[in-house]
2 protein chains.
Amino acid sequence: MPQAVAGPEIERLIQLLGRMPGLGPRSARRAALQLIKKRETLLAPLADAMRIAADRIVVCHACGNVDTSDPCTICRDETRDPTTLVVVEDVSDLWALERSGAVKARYHVLGGVLSALDGVRPEHLTIALLVERASAPGVKEIILALNATVDGQTTAHYVTESLKPLGLTITRLAHGVPVGGELDYLDEGTLTAAIRSRTAF
Amino acid sequence: MPQAVAGPEIERLIQLLGRMPGLGPRSARRAALQLIKKRETLLAPLADAMRIAADRIVVCHACGNVDTSDPCTICRDETRDPTTLVVVEDVSDLWALERSGAVKARYHVLGGVLSALDGVRPEHLTIALLVERASAPGVKEIILALNATVDGQTTAHYVTESLKPLGLTITRLAHGVPVGGELDYLDEGTLTAAIRSRTAF
């Protein structure tokens, strides 16, 4: 802990900023100073936005999304396809899919992936709740939009096994060359998957 | 501007976080999500700390430091050497010197350096105020603790010229090998300065 050089109010701000992801002790000091310099235009509005977020944001009990209402805006959206559930690891993945606009269905946030190393077991994830939601009448397809990592794929297999008794269509995201990607920079696994799943031109 | 995928409260938080130094749009989203996940332990305390900072922090009219009082804690500290003024470019430099504990005097924050390229002229800095403070009875030495950059050294020369009529001792920081530094990684200018200012062993 470096020596306190500014007043306690500034030191506290620096200390809390340093706990934000992506900011270390040094960059937290720089950030604090920049914020103080922009007191009116940035620090005060940010304080308000954080206070509002801290007070109002809740986790949707159905899908695990974060929003100011429970059920969340997505769960309440009647225009979304009620036959499909998109399973994601984290809210950030939900946001990424929403930005893409690729699917207009509801989501299910698992809250992580199974990991023997980190001691994450099925009961730590919302898999039981997923099975319950998938059992609802009308649900026909579960899209597993999990990360293409070892833990992500292990989780996908486990979720598939859990859902099997329901007899639904279970799909996963396609593997292949990212749009705009250069072959030279891709790993062999991706290239192999892209060749195997090649499509007619 | 990416499509809004979360509610307006979260989007506003992401947008404001993205204006913080060191955070871009993508890392702002990640930071927002982390903050929301740590609502009780990080987001709420940070909101409070920012609100307090925004409400209470002022710029010291004497030295340019930021603090919750004006004059600042350093200017009011009677135990500090009243004969010396340490001239720095920015509050961050003042903090750095205070952390080092190298000098127990008062400071003068110039608020930047002269720069023809950026259109920073002497009247944009607090040089006139420095001359006024340096003219006070009892002041004997001015330490120019400016960055060893071209603009920093240009500013040092200009300040020296402005202070010359007062007949004070004007000093600047020594150049040399940083403590813990390896010669192999230092530039020729630093090595030349270190050789020239070599001291008896």
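**Entry 1: the meeting of the copies.** I began with the interface and found that 100% of the interface residues of chain B are also interface residues in chain A, so the copies meet through the same surface. I note here that the model is a predicted one.

**Entry 2: the relation between the chains.** I recalled that two copies of a chain are related by a rotation about an axis and a shift along it. I then looked up both quantities: chain B is superposed on chain A by a rotation of 180° with 0.0 Å of shift along the axis, at an RMSD of 0.1 Å. I recorded this as the relation of a two-fold axis. Which C-alpha of chain B is nearest the axis? I found that it belongs to Ala47(B), at 2.3 Å from the axis.

**Entry 3: the sheet of chain B.** I next traced an open sheet of four strands, with the order S4-S3-S5-S6 and parallel pairing. At its edges I noted strand S4 (105-109) and strand S6 (169-172) of chain B, each of which pairs on one side only. From one strand to the next, I read an average twist of 25°.

**Entry 4: one strand pair.** I examined strand S5 (residues 141-144) of chain B, which pairs with S6(B) in the parallel sense over four bridges. Within this pair, I found Arg172(B) of S6(B) to be the bridge partner of Leu144(B).

**Entry 5: helices across the sheet.** I looked up helix H5 (residues 91-100) of chain B, which lies across strand S3 (81-88) and S4 of chain B and runs at about 160° to S4(B). I also looked up helix H6 (residues 127-134) of chain B, which lies across S3, S4 and S5 of chain B, at about 155° to S4(B).

Conventions. Residues are numbered from 1 along each chain as its sequence is written. Chains are lettered from A and ligands numbered from 1 in the order in which they are written. This is a predicted model: local features need pLDDT of at least 70, side-chain atom pairs count only at pLDDT 80 or more; totals for chains, interfaces and linings use all residues. Side-chain values use heavy atoms; hydrogens and water are left out. Copies are superposed by least squares on the C-alpha atoms of residues with pLDDT of at least 70 in both. Contact means heavy atoms within 4.5 Å. Two strands pair if DSSP finds at least two bridges between them. Helices (H or I, at least four residues) and strands (E, at least two) are DSSP runs, numbered from the N terminus. Axes are lines fitted to C-alpha atoms, for helices over the stretch in contact, and angles run from 0 to 180 degrees between N-to-C directions.
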